[in-house]
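Please read the points below with the sequence and the model side by side. They are meant for someone meeting such a structure for the first time, and each point takes up one topic.

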Amino acid sequence: MLETILSGCDARYETDCEQCEDCSYGEYCPHDCEKCLDFIHNPSHSEPGSPKRKYDCAHMADFYTCKYSCRYASEIMYAIERCVDLHNLQKLRVLSFGCGPCTDLFAIDALHKKQVLCYKQLEYRGVDYSKRVWQWVHRDIKCFQNDDCDIKFFYEDACDLINTIAEGTWTPNLIVFQYVFSDMQKHTDFQNIYNFINTFAKYYNTKIGPNTYIVLNDINLGRDYGGGREFFDRLLGKLNNSIYKKGRFCNDNSTSNYYPRGYPYGDDSDGEFTNNANRFDLTPWKTYSPFNTCASAQMIIKKVEKT
C-alpha cells in the first residue's frame, strides 16, 4: 500500500509544474514545498512579515507524504509489534486520530504482509480536519477498500468529533494518536485539549473492551519545546484498568550537546529502544530526502480486565 500511495504522490508532484500558482501561501510561496514545510516546522525561517504557514496545501501534502511516510509508518510498525494481543485478531478495528496520510494504515498493511498481523477483516476510521489537504491521498487509499477492508474518513476537528464518537456504539481494538498532541499544542487552546482528553477517557472507561491498545506516537519534545509529551501522561492518568510502557527512538539527527541521541523518555535509564532503523526501501523517494531512522517518543497503553 505504501509504495502505491507514494508513487501516486510522486507522479502528481513531478508532473504538476504549475502547482505553486494556486498555492495557499500566495505571494510568499517559495516555489518549493520542502521550504514551505520548513516554514511550518521552523517559523523563524520564513520571510520577515510573512503570515504563519499552515498545513493547507494539497501539493505540499504530496511532498510531505513522500518525505515522512516511511519514517512514521516505521515508528508505528515498531509499536504494533509490541501490541501482542492484536497479532492474532481476526477482525482489527482501528481508530486513528490525526490520520493525515494514514501512515499507521501503511504500517498495519506492511505487518499484515509480513504475517505479524493475521486479521481477516480490517475496519479503519481516520479522523483529520483537513479534507482538502489530503483529498488526493485519501482518494488513492480508498482504492484499497474491498469486502475485507473497510476504510472511512471523518473530516472534523478531533476536539469536536470526540463527542460523537463517545456517543456511538462502534468500538476499536487499536487507537492511534499519530503526532496529534504536538499539533494540538500548536493550534488548540489548553481547555479544548483537556476537554478532549476528559471525553475520550470517559469513552474509553465505559465502552472500550479489554486488550484494546492505544498507541501514542509523537515528537520527542515537551510542551516548552513545541511538543506535547505531557499530554501522554495526562491522558494516561484519566484511564481506568490500564497498563503502559513508554520509550523513545535514538534521534540520529539530534544537534543537542547535552542530549546527542535525543531527549530521555521512558521507564528505563533513558528509555531508548534498541533499534531505530527505517523499515522501508527509501531509494525510490531519495529526491525527497526522507529520514532513514525513527526519532519519536511513544507510549503504548493496554486496557486490562477490571480486578
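1. The buried residues of helix α4 are Thr103, Asp104, Leu105, Phe106, Ala107, Ile108, Asp109, Ala110 and Leu111, where buried means under 20% relative accessible area, exposed over 50% and partly exposed in between (1.4 Å probe, protein chains only). Because nine of the 11 residues of α4 (residues 103–113) are buried, this helix is largely enclosed by the rest of the structure. Just after α4, glutamine 115 takes a positive phi of about 65 degrees. Helices (H or I, at least four residues) and strands (E, at least two) are DSSP runs, numbered from the N terminus.

2. A word on the source: this is a predicted model, in which local features need pLDDT of at least 70 and side-chain atom pairs count only at pLDDT 80 or more, while totals for chains, interfaces and linings use all residues. Residues are numbered from 1 along each chain as its sequence is written, and side-chain values use heavy atoms, with hydrogens and water left out.

3. Which residues does leucine 92 touch, not counting residues up to four places away in sequence? They are Leu86, Ile108, Leu117, Tyr119, Gln121, Leu122, Glu123, Asn173 and Leu174, with contact meaning heavy atoms within 4.5 Å.

4. Helix α2 (residues 33–41) and α3 pack at an angle of about 85 degrees, with their axes 9 Å apart, and that makes α2 roughly perpendicular to α3. Axes are lines fitted to C-alpha atoms, for helices over the stretch in contact, and angles run from 0 to 180 degrees between N-to-C directions; those under 35 degrees count as roughly parallel, over 145 as roughly antiparallel, 65 to 115 as roughly perpendicular and the rest as oblique. By class, the contact of α2 with α3 has eight nonpolar, two polar and two charged residues, where Ala, Val, Leu, Ile, Met, Phe, Trp, Tyr, Cys and Pro count as nonpolar, Asp, Glu, Lys and Arg as charged, and the others, Gly among them, as polar.

5. Helix α3 also packs against helix α5 (residues 131–142), at an angle of about 55 degrees and with the axes 8 Å apart, and the two are therefore oblique to each other. Ala58, His59, Ala61, Asp62, Tyr64 and Thr65 in α3 meet Arg132, Val133, Trp134, Gln135, Trp136 and Val137 in α5, and these residues divide into seven nonpolar, three polar and two charged.

6. Aspartate 267 touches Tyr244, Lys245 and Lys246, not counting residues up to four places away in sequence, and the C-alpha atoms of aspartate 267 and lysine 246 are separated by 6.3 Å.
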